[in-house]
Amino acid sequence: MMSIKKLAGSLALAALLSQPVKAGDITFVTEEYAPFSYSDSGTIKGVAVEQVHQIAVAAGLSYRIEIMPWARAVVLAERRQDHCVFTTGHNRARDKRFRWVEPLLKDQMVMVRRKGSDVAITAPSDIHTLRVGAQRGDFAVEALQEHGFSNIDLAADISVSLGKLKSGRIDLMPTSVKTYEMMLEDGQPIEKAMLLDGQIYGIACHRAMPLDTVAAMQKALDELITSGKQDAIFAAYGLPPDARAAAR
């Protein structure tokens, strides 16, 4: 039988977990995925990170940004009422799991191979005979699974997947076009194998995040887009304007 002390402790914990999120105390979590989010000399930078900073300030939030493996970031945003995860692909499977602020960007996915590889694909069905690597919890994993592909070599982050691709442990790796272009600029020995479907990416917040807080963030993002500041952020990172986001 539970003691009075333990019962009181359990009730106190339940009360704490059920309390509504205060409008200002938000933790934004993300992953190492340049150019959207990455660590540089102890500072978290990136196209999406800069947008989140400006959104949070404009919405009047007190906040912090943390970087970690993607799978852990998604779990935290689903389990903790004061957490949001970005840059998150918005698909049907994720739609009702979060409250959304979008678009931070719109981008196509691309399947890449080692430069000079004889791996050839013309349709997603061709992938079934090949070794594909991706990050745990990543949108690309869900997209591949929707096509019936289950033999996926999972890694904690994209740098690990890239290392496997270059060493020949995997044949293909899905990533965004913008990330692929940055990898080429960095001299990575990779090339495009096939373009995949486009995707909207945004901030995915816990389902209990107050609607007025989500609305304030969405308003701030809308103003970021219409003012041209979002395009300026892309330009600062050497990327073309995200015209598809501006046309939202």
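Me: What makes Phe139 count as a contact of Asn91?
Reply: Contact means heavy atoms within 4.5 Å. Leaving aside neighbours within four places in sequence, Asn91 is in contact with Phe139, Glu142 and Gln199. This is a predicted model, where local features need pLDDT of at least 70 and side-chain atom pairs count only at pLDDT 80 or more, while totals for chains, interfaces and linings use all residues. Residues are numbered from 1 along each chain as its sequence is written, and side-chain values use heavy atoms, with hydrogens and water left out.

Me: Why is Asn91 called buried?
Reply: Its relative accessible area is 10%. Buried means under 20%, exposed over 50%, and partly exposed in between (1.4 Å probe, protein chains only). So Asn91 is buried.

Me: Where does Asn91 lie?
Reply: Asn91 sits in the loop between strand 5 (83-89) and strand 6 (99-114). Strands are DSSP runs of E, at least two residues; helices are runs of H or I, at least four; both are numbered from the N terminus.

Me: Which backbone nitrogen does the side chain of Asn91 reach?
Reply: That of Arg94, at 2.9 Å.

Me: Why is Ser41 called exposed?
Reply: Ser41 has a relative accessible area of 75%, so Ser41 passes the cut-off for exposed. Ser41 lies in the loop between strand 2 and strand 3 (43-45). Its phi is positive, about 55°, although Ser41 is not a glycine.

Me: At what angle do helix 2 and helix 8 pack?
Reply: Helix 2 (residues 47-58) and helix 8 (residues 229-236) pack at about 145°, with axes 9 Å apart. The axes are lines fitted to C-alpha atoms over the stretch in contact, and angles run from 0 to 180 degrees between N-to-C directions. Helix 2 supplies Val47, Glu50, Gln51 and Gln54 to the contact; helix 8 supplies Lys229, Gln230, Ile233 and Phe234.

Me: How many residues of that helix 2 and helix 8 contact are nonpolar, polar and charged?
Reply: Three are nonpolar, three polar and two charged. Ala, Val, Leu, Ile, Met, Phe, Trp, Tyr, Cys and Pro count as nonpolar, Asp, Glu, Lys and Arg as charged, and the others, Gly among them, as polar.

Me: How many helices and strands does the chain have?
Reply: Nine helices and ten strands. Of its 248 residues, 47% are buried.

Notes: A polar contact is a pair of N or O atoms within 3.5 Å; within protein, one must be able to donate a hydrogen and the other to accept it, and residues adjacent in sequence count only if both atoms are side-chain atoms.
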